Amino acid sequence: MKVLIAGCGYVGTELGLRLSEEGHQVWGLKRRPEGLPEGIEPVAADLLSTDLVDRLPDVDHVVYAAAADGGTREAYRAIYVDGVRNLLDALSSPEREPIRRFIFVSSTGVYGDSGGEWVDEETPAEAESFRGTEVRAGEEAALGGPFPASVLRLGGIYGPGRTRLLQMVREGRVRCPGDGPIWSNRIHRDDAARALQHLLNLSEPAPIYVGVDDEPTPLCQVYREVARMLGAPEPVVDPDQSRDRSNKRCSNRLLRESGFSFTYPSFREGYGAMVAAGD
Ligand SMILES: NC(=O)c1ccc[n+]([C@@H]2O[C@H](COP(=O)([O-])OP(=O)(O)OC[C@H]3O[C@@H](n4cnc5c(N)ncnc54)[C@H](OP(=O)(O)O)[C@@H]3O)[C@@H](O)[C@H]2O)c1
């Protein structure tokens with residue numbers, strides 16, 4: 001395969017390294033590609049620029065893994081919708097070979113609040129927040145585009161170097177939500193990259209997959225178990241924490257049925273490995 005990773009950041013770089021090790025040719029596109037590791041050919045380009053077409057290498061697979069610069073609606077629309085359309089237009093130019101698969105890295109944020117019930121690929125993606133609706137519009141742009149496309153809806157990504165939760169627990173700054181469980185859905189960076197690699201290697205992937213580990217877990221339970229791993233203080237309960245959170249349990253059944261299994265099936269193995277590594 002000749003793979004372009006458009007928005008080659010935390011997950012994209014891990015994916016690129018794994019694909020390169022598997023013997024594929026990999027390009028990592030970002031605005032500042034200095035520092036991409038060996039095995040990933042850097043492409044300095046802005047996904048929103050009008051001359052994008054001139055910068056694109058000859059590839060047959062694309063993974064769109066760019067993230068928004070900020071938390072505004074404009075920033076979300078720019079990278080999750082306009083950037084996707086701009087890249088698809090550039091890839092469709094007549095002198096280029098058609099792309100065999102375009103994978104859009106999405107988010108479980110596209111779902112609304114299900115009151116803690118299970119959601120999967122069949123559940124309507126009806127987020128109330130602009131974050132969810134803009135990412136959903138990006139999914140639609142990819143799935144309705146000119147090339148065979150798939151979407152992977154990732155939960156909260158954590159892993160080496162992303163240590164915010166560990167730091168907050170260590171410092172006693174996490175608060176357990178009150179009023180019943182608020183479910184959290186996570187995936188370790190390596191499993192996110194492995195799941196993308198797996199989808200690239202499937203001959204007939206489904207249009208949409210949910211990419212979370214095997215164990216959606218109440219936030220408070222994550223905080224408490226991580227506190228125990230770290231020998232940190234027991235988190236206190238703060239009922240205000242449950243406001244404005246979308247509460248759902250995301251099912252990875254379809255991804256597992258497609259043959260994927262997790263290196264880090266739950267936050268326990270994932271944070272456990274980070275703590276053991278001194279993160
Ligand atoms: N973080 C989470 O918990 C989470 C949860 C669910 C889904 N996701 C999704 O997963 C994907 C990967 O996340 P990540 O954590 O790997 O993101 P990340 O580390 O922030 O990487 C995103 C990359 O996109 C590049 N980029 C941003 N705007 C660009 C532009 N206009 N043109 C070219 N490149 C651009 C950035 O590089 P430059 O600045 O050098 O351009 C950056 O390296 C994203 O789609 C994100 O929305 C994330």
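1. In which helix is the place of Met168? Met168 belongs to helix 5, residues 164-170, where helices (H or I, at least four residues) and strands (E, at least two) are DSSP runs numbered from the N terminus. Met168 is buried, its relative accessible area being 17%; buried means under 20% relative accessible area, exposed over 50%, and partly exposed in between, with a 1.4 Å probe and protein chains only. Leaving aside neighbours within four places in sequence, Met168 is in contact with Arg173 and Val174, contact meaning heavy atoms within 4.5 Å. Met168 and Gly178 are 10 residues apart in sequence, and their C-alpha atoms are 18 Å apart in space.

2. On the basis of these notes: this is a predicted model, in which local features need pLDDT of at least 70 and side-chain atom pairs count only at pLDDT 80 or more, while totals for chains, interfaces and linings use all residues. Residues are numbered from 1 along each chain as its sequence is written, and side-chain values use heavy atoms, with hydrogens and water left out.

3. As to the overall form, the chain has nine helices and 15 strands. Its radius of gyration is 19 Å, close to the 19 Å that the globule rule gives for 279 residues, so the chain is as compact as a globular protein of that length; the radius is taken over C-alpha atoms, and the rule is 2.2 Å times the number of residues to the power 0.38. Along the principal axes, the C-alpha atoms fill a box of roughly 60 × 40 × 35 Å. Of the 279 residues, 53% count as buried, and among contacts with a separation of 6 or more, 77% are between residues 24 or more positions apart.

4. The sheet deserves a careful look: seven strands form an open sheet in the order 3-2-1-4-5-7-12, with parallel pairing, two strands being paired if DSSP finds at least two bridges between them. Its edges are strand 3 (41-44) and strand 12 (208-211), each of which pairs on one side only. From one strand to the next the twist averages 20°, with axes as lines fitted to C-alpha atoms (for helices over the stretch in contact) and angles running from 0 to 180 degrees between N-to-C directions.

5. Within that sheet, strand 4 pairs in the parallel sense with strand 1 over four bridges, and Ile5 stands opposite Val63 of strand 4. Strand 4 also pairs in the parallel sense with strand 5, again over four bridges, with Val62 opposite Phe102 of strand 5. Both faces of strand 4 are covered, since His61 and Val63 on one side and Val62 and Tyr64 on the other are all buried. Strand 5 (residues 101-107) and strand 7 (residues 149-154) are joined in the parallel sense over six bridges, and Phe104 has Val151 of strand 7 as its bridge partner.

6. Helix 6 (residues 189-201) lies across strand 1 (2-6), strand 4 (61-64), strand 5, strand 7 and strand 12, and runs at about 160° to strand 7.

7. The largest nonpolar core has 37 residues, and those with the most contacts inside it are Leu47, Tyr64, Leu87 and Phe102; such a core is a set of buried Ala, Val, Leu, Ile, Met, Phe, Trp, Tyr and Cys residues joined through side-chain atoms within 4.5 Å. Helix 3 gives the largest share of this core, eight residues. Apart from it lies another core, of 27 residues, among them Val26, Val63, Ala65 and Leu196. Beyond four places in sequence, Tyr64 has contacts that include Leu47, Ile79, Leu87 and Phe102.

8. Glu74, which is found in helix 3, counts as exposed at 60% relative accessibility. The C-alpha atoms of Glu74 and Gly156 are 22 Å apart in space, the two residues being 82 apart in sequence.
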